[in-house]
Amino acid sequence: MVPKVNLKFGCARGQTSVSDPFTMRCSPIHPLTSRDPNTMRRAKISIIGAGNVGASCAMWAAAKELGDIVLVDIPDKVGVAQGKAIDLACCGPTERFDASIIGTSDYADVAKSDVIIVTAGIPRKPGMSRDDLIATNVKIVRSVSEQIAANAPDAVVILVSNPLDAMVYTAWKTTGFPTNRIVGQAGCLDVARFRTFIAGKIGCSVEDVSALLLGGHGDDMVPLASYTSVHGIPVSQLLSADEITACVERAKMGGGEVVKLMGTSAYYAPASGSILMAEAIIKDKKRILPCAAYCDSEYGVGGYFVGVPAVLGSSGVEKVIEIDLNAEEKALMDESVSHVKDLVGTVRETFPDLA
Ligand SMILES: NC(=O)c1ccc[n+]([C@@H]2O[C@H](COP(=O)([O-])OP(=O)(O)OC[C@H]3O[C@@H](n4cnc5c(N)ncnc54)[C@H](O)[C@@H]3O)[C@@H](O)[C@H]2O)c1
């Protein structure tokens with residue numbers, strides 16, 4: 001007989017109970033099953049910003065047949081959003097997905113979204129750091145967040161715009177949403193880069209590399225070689241310390257490497273990481289993924305969104321997983337958290353309404 005374990009996860013949005021983490025059955029009043037039957041009970045994913053990352057998110061979401069998709073951009077770019085929506089919808093017959101995909105600049109269209117992915121904002125150009133984007137992107141993310149709060153008050157919001165940690169804070173403050181429904185994507189991308197470079201060095205499938213990172217995006221990430229394995233084999237048995245360090249460094253600078261080559265920031269892999277998170281939420285998969293989640297007592301952070309492994313399910317962030325860190329890893333994590341605090345400090349000083 002299978003022993004009955006009572007694991008407590010957070011409650012689904014506005015609901016009194018969540019799906020059983022073992023049976024993965026949804027409650028009968030789960031938001032995905034209580035919507036208008038005309039939507040054919042598909043989930044609804046809205047993507048704000050129909051640029052490189054936003055359009056790539058739409059493509060991965062459609063390819064995985066995650067649900068209906070709304071691509072939102074500013075009125076001046078509504079034609080781009082609409083054109084990309086039509087172009088993508090016409091992949092359905094070939095790629096074998098059914099989904100309604102629309103482009104719009106009207107936020108009323110995001111109503112009843114299950115997940116909203118925010119990619120609105122300017123990307124880096126060569127020579128820029130992510131932090132250089134803060135003044136412009138806080139204003140954009142603040143106005144987008146106001147619209148989300150007004151039109152889709154039950155959505156889980158995944159932030160992608162940079163600098164990520166400041167944008168997550170801005171969205172949280174502006175929407176007033178509970179912390180479990182605000183989450184940032186950076187770790188899924190950074191870990192995918194790390195896994196790719198490790199697999200390349202070993203000459204094995206990327207699927208067999210499992211890794212974990214903590215902390216901020218890119219330069220600020222905290223690599224955890226002790227939690228990296230290849231089909232269960234500790235990576236230290238397959239690569240030298242120098243080889244692992246080279247993979248860590250390349251993953252850290254992975255964003256900059258692409259910006260230098262293309263003149264703008266990466267989009268396929270960031271979008272793929274964002275859709276991995278959206279999928280975990282929409283399908284209530286309880287995936288443990290590295291994401292920017294709210295931590296209070298966790299890791300001694302004291303009330304900031306930082307990169308940590310978290311359980312993602314229909315309520316958004318359902319649990320932050322705390323793991324043991326050695327002294328070196330702890331020092332790197334503290335440094336990374338301190339950078340997040342500085343960034344949030346800048347937002348608070350520059351935009352007192354967000355303090
Ligand atoms: N977190 C990550 O892992 C990660 C990775 C790559 C890029 N990014 C960030 O994602 C953001 C988008 O990058 P991109 O390459 O797609 O840029 P992009 O310029 O191609 O697209 C951004 C889009 O946002 C739109 N936009 C601007 N203001 C808006 C508003 N108020 N409402 C709706 N849409 C609005 C723009 O019109 C544009 O179409 C950047 O901030 C970039 O730094 C994050």
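Helix α4 (134–151) gives the most to the shell around the ligand, supplying four residues. Helices and strands here are DSSP runs numbered from the N terminus, with helices being H or I of at least four residues and strands being E of at least two. Two helices, α1 and α4, each put at least two residues into that shell. In total 35 residues surround the ligand, and the closest are Gly 49, Gly 51, Ala 120, Asn 162 and Pro 270; a residue counts as near if its C-beta atom, placed from the backbone, lies within 6 Å of the molecule. Sorted by class, the shell holds 18 nonpolar, 14 polar and three charged residues. For that sorting, Ala, Val, Leu, Ile, Met, Phe, Trp, Tyr, Cys and Pro are nonpolar, Asp, Glu, Lys and Arg are charged, and the others, Gly among them, are polar. Domain 1 (9–184) and domain 2 (187–354) both give residues to the shell, so the ligand lies between them; the domain bounds come from an automatic or database domain assignment.

A word on the model itself: it is predicted, so local features need pLDDT of at least 70 and side-chain atom pairs count only at pLDDT 80 or more, while totals for chains, interfaces and linings use all residues. Residues are numbered from 1 along each chain as its sequence is written.

Zooming out, the protein chain has 10 helices and 14 strands. Of its 355 residues, 49% are buried. Buried means that 20 or more other C-beta atoms lie within 10 Å of the residue's own, exposed means 12 or fewer, and partly exposed is in between, with C-beta atoms placed from the backbone. Among contacts in the chain with a separation of 6 or more, 67% are between residues 24 or more positions apart; a contact is a pair of residues whose C-beta atoms, placed from the backbone, lie within 7 Å.

Back to α1, which has 12 residues and reaches 16 Å from its first C-alpha to its last, close to the 16 Å expected at 1.5 Å a residue. That expected span is 1.5 Å times one less than the number of residues in the helix. Nine of the 12 residues of α1 are buried, so the helix is largely enclosed by the rest of the structure. The buried ones are Val 53, Gly 54, Ala 55, Ser 56, Cys 57, Ala 58, Met 59, Ala 61 and Ala 62. They pack against quite a list of neighbours: β1 (43–48), β2, α2 (78–89), β3 (101–104), β4 (115–118) and α9.

After α1 comes Glu 65, sitting in the loop between α1 (52–63) and β2 (67–72). Its phi is positive, about 50°, although Glu 65 is not a glycine. Glu 65 is partly exposed, with 14 other C-beta atoms within 10 Å. Asp 284 also has a positive phi of about 50° without being a glycine, and its place is the loop between α9 (268–282) and β12. Asp 284, though, is buried, having 23 other C-beta atoms within 10 Å.

Pro 163 belongs to the loop between β5 (156–159) and α5 (164–175). Asn 162 also has its C-alpha 8.6 Å from that of Arg 124, although the two are 38 residues apart along the chain. Arg 124 lies in the loop between β4 and α4 and is buried, with 21 other C-beta atoms within 10 Å. Leaving out residues up to four places away in sequence, Arg 124 touches Arg 130, Leu 133, Val 259 and Ser 265.

Strand β13 (residues 304–313) is mostly covered, as nine of its 10 residues are buried. On one side of the pairing story, β13 runs antiparallel to β12 (residues 287–295), with nine bridges joining them; strands pair if DSSP finds at least two bridges between them. Here Ala 293 stands opposite Val 306 in β13. The antiparallel pairing of β13 with β14 (residues 316–320) uses four bridges, and Gly 313 has Gly 316 in β14 as its bridge partner. With two residues between them, β13 and β14 make a hairpin.

Definitions and conventions: Two residues are in contact if their C-beta atoms, placed from the backbone, lie within 7 Å.
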